[in-house]
Amino acid sequence: MSTHESNLNTHAPVPAQRREPLVSVRGLKVYYDSGVRRGGTVKAVDGVDLEILEGETLGLVGESGCGKSSLGRAILRLTEPTAGEVFYRETDVARLSTRQLRKQRRHMQIIFQDPYASLNPRMTVGQIVGEPLSTYGILSGKAASARVEELLETVGLNRRFINRYPHEFSGGQRQRIGIARALAIEPEFIVADEPISALDVSIQAQIMNLLEKLRREKNLTYLFIAHDLRAIRHVSDRVAVMYLGKLVEVAPAHDIYLEPLMPYTKALISAVPVPNPEIELKRERIVLQGDVPSPINPPTGCRFHTRCPYVIDACTRVIPPLVEIKTNHFAACIRISPEHPDIDKIAPGEAPGLATAEAANSPKLPNQRKPV
Amino acid sequence: MSTNGNLLDVRELRTYFDTVDGVVKAVDGVSFQLRRGETLGIVGESGSGKSVTNLSLLRLIPEPPGRIVSGEVIFQGRDILKLPEAEVRKIRGKRVGMIFQDPMTSLNPFMRISRQLMEITQLHLGHSKRQAYDHAVKMLEMVGIPDARVRIDRYPHEFSGGMRQRVMIAMALSCQPELLIADEPSTALDVTIQAQILELIKTLKEVTGTSVILITHDLGVVAGMTDQLIVMYAGKVFEQAPTTELFARPGNPYTRGLLRSVPDPLDQKGTLYQIPGQPPDVAHLPAGCPFAPRCERAEDICRREFPPFVQLNANHHSLCHFANEVYAESSQTSAA
């Protein structure tokens, strides 16, 4: 079943006009109770609007605790959203009953970060990869085994491995098993939650290439979550940067690396060490001061203001909305605007985006904004 | 005391582990020198032996199952491997400071930071409590911990990951060691915090003049931090060269593959170069070159005979039957 598909779609790029949003997230919030004694709520995701287009890979980056995994899990409803909508085509996933949700999940799968923890050690590879097939009553018996063998081959594992247990495999091979399991029921959309972080450098490249090959062959749509900006840049069509529960910049991958607009993105990209001594020794790295603040008690206004080298007074009180600063390039910062996109050319104290931000802060209809 | 300007001279170090799977030769004949004030990077993937090398230098290998089979670790003219345990203890933490990947498991969760820091100088420098406390505060200030005087009496869990790593660095540098060994110091940290920690190590190195061994899997990290590089694979040194030289003209197919498999943020999207196959199972290494099963250049000889450590120029060595050819190819590409 997958073989004839792959013959059809190899190397066929998805035409831009055919790209419809597959997933639309509006006003999504995921709050966790942080325990009785401490009181307070962890606002892991705090009002996110986002669209994932059909056939694209959307990279989601941010540091630990920024809410990127919570966002990914809430889209699949592996974590219950506190508020907001998650549309998968026309279906609001956030409002489905358990039974409907189960059906819906046929189309949406996840690949986890830790290839050691996400496979049941007492199940054979055949059982692990075949489980979704029986859960959904798609195939059983010999047909299921045949399909599992085919899946193993698709992800670059030997079909003879079908009766082996997870501990007999290396990290990279286990990640392939996880990918085979996600592919078993032929989903359209896959959340890859840090799929390469736990792997060795040479194996990371293998897994990235495999995911990319599968995307092309099976016309998959990915939400690729990672903290490694080099990997994100490589696999993504668009990149969304998250900081303390909010999206702070969304743009085509190429643009965000060449011209990051928002100070946090600038620092993030500058922090990535480049494997080239000549560049490394020369460049001026933006080193941010301090740590990421706690999401229990995030800073007022722009959440990045406590570490931002460009901070002005207004940043501490006005929440910057995501504004389309350049075509398809959205950033949340009051110190820039479509007319004045380069923060380094803004006069000290100036905030050309302040008026837009204040307007967005006042009305009671925060969800009417165009999702990016 | 010193031998021809080298602070550290490691010769033919071999550390083996006895396991149910047989003898694992985790480090198998590693040699290198470290000059005063220099930074040496050791790069490798998991199982390459880079961390075992580092632990062997100060005899921190648990015995059994591990044992240092042979070799010399000449530190300032004395072979650490031959010293009595009591002498080695005077070197650890005093002359050689260490920081590890995971700052949480390296700190005692039941002890205040102050006590953990004071312990070192009280032991090694004979500080009184008062002196040790003041010194500890000074060290925390040096590594950039805000409100050091207040925070020093807190417990490790009250610090963030980056701050804990700063505490570890303060601890490692407390006695002004001649050598700092940093084993994946920034791997467990977020990107922006990683940049802070690397910048800190760089600055402190300049201020204190200490030599550094930086162990990491990240080629980006060593690119801007080190003078010399060693690439390890399956317990062996595969390539050794000055950092700029090694990046510009790798003389080993493994190094070259590793460099090409890191996505370049400035590069266009496309299929990433990948080294095929799995990292080696060090308990069951193939005959011949351990990298041969994954190597794009491998020929019959590679599967049959262990490769020679070829000298490519004064400071550049590569473990490969075809080192000269690979080096020539790289030199051409970098000149073009």
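Tutor: Here is a quick tour by question and answer.
This is a predicted model, where local features need pLDDT of at least 70, side-chain atom pairs count only at pLDDT 80 or more, and totals for chains, interfaces and linings use all residues. Residues are numbered from 1 along each chain as its sequence is written, while chains are lettered from A and ligands numbered from 1 in the order in which they are written.

Student: Which domains does the assignment give for chain A?
Tutor: Domain 1 covers 2-124 + 182-248, domain 2 covers 125-181 and domain 3 covers 262-368. These bounds come from an automatic or database domain assignment.

Student: How many Å apart are the C-alpha centres of domain 2 and domain 3 of chain A?
Tutor: Those centres of chain A lie 45 Å apart.

Student: Let's zoom in. Which residues of helix α4 of chain A are buried?
Tutor: In α4(A), residues 125-135, they are V125(A), I128(A), V129(A), G130(A), P132(A) and L133(A). Buried means 20 or more other C-beta atoms within 10 Å of a residue's own; exposed means 12 or fewer, and partly exposed is in between, with C-beta atoms placed from the backbone. Helices (H or I, at least four residues) and strands (E, at least two) are DSSP runs, numbered from the N terminus.

Student: What do the buried residues of α4(A) pack against?
Tutor: They pack against α5 (141-154) and α6 (171-183) of chain A. Just after α4(A), G137(A) takes a positive phi of about 60°.

Student: What phi does E186(A) have?
Tutor: E186(A) has a positive phi of about 50°, although it is not a glycine. Most residues other than glycine have a negative phi. E186(A) sits in the loop between α6 and β7 (189-193) of chain A.

Student: Why does E186(A) count as partly exposed?
Tutor: Because E186(A) has 15 C-beta neighbours inside 10 Å.

Student: What about R77(A): where does it lie?
Tutor: R77(A) lies in the loop between α2 (68-75) and β4 (83-88) of chain A. Its phi is near 60°, a positive value in a residue other than glycine. R77(A) is partly exposed, with 19 other C-beta atoms within 10 Å.

Student: Strands next. How many residues of β9 of chain A are buried?
Tutor: Six of its six residues, 238-243, are buried. R238(A), A240(A) and M242(A) point one way, and V239(A), V241(A) and Y243(A) the other way. In a regular strand the side chains alternate between the two faces of the sheet.

Student: Which strands pair with β9(A)?
Tutor: Strand β3 (residues 57-61) of chain A pairs with β9(A) in the parallel sense over four bridges. There, L58(A) stands opposite R238(A). Strand β10 (residues 246-252) of chain A pairs with β9(A) in the antiparallel sense over six bridges. In that pair V239(A) stands opposite A251(A). Two strands count as paired if DSSP finds at least two bridges between them.

Student: How many residues lie between the strands in the hairpin of β9(A) and β10(A)?
Tutor: Two, and L244(A) in this hairpin takes a positive phi near 45°.

Student: Over to chain B. In what order do the eight strands of the open sheet come?
Tutor: The order in chain B is β6-β7-β8-β3-β9-β10-β12-β11, and the pairing is mixed. The edge strands of chain B are β6 (96-99) and β11 (309-313), each pairing on one side only.

Student: How do β10 and β12 of chain B run?
Tutor: They run antiparallel, with two bridges joining β10 (residues 236-242) to β12 (residues 316-319) of chain B. E239(B) stands opposite S318(B) in β12(B).

Student: Where is the cis peptide bond of E63(B)?
Tutor: It joins E63(B) and P64(B), with omega about -20°. Another cis peptide bond joins P64(B) and P65(B), with omega about 5°. P64(B) lies in the loop between α1 (50-57) and β4 (66-75) of chain B. Most peptide bonds are trans.

Student: Last one. How many residues of chain B are in contact with chain A?
Tutor: 39 residues of chain B are in contact with 35 residues of chain A. In contact means that the C-beta atoms of two residues, placed from the backbone, lie within 7 Å. The largest share of chain B's side, seven residues, comes from α8(B).
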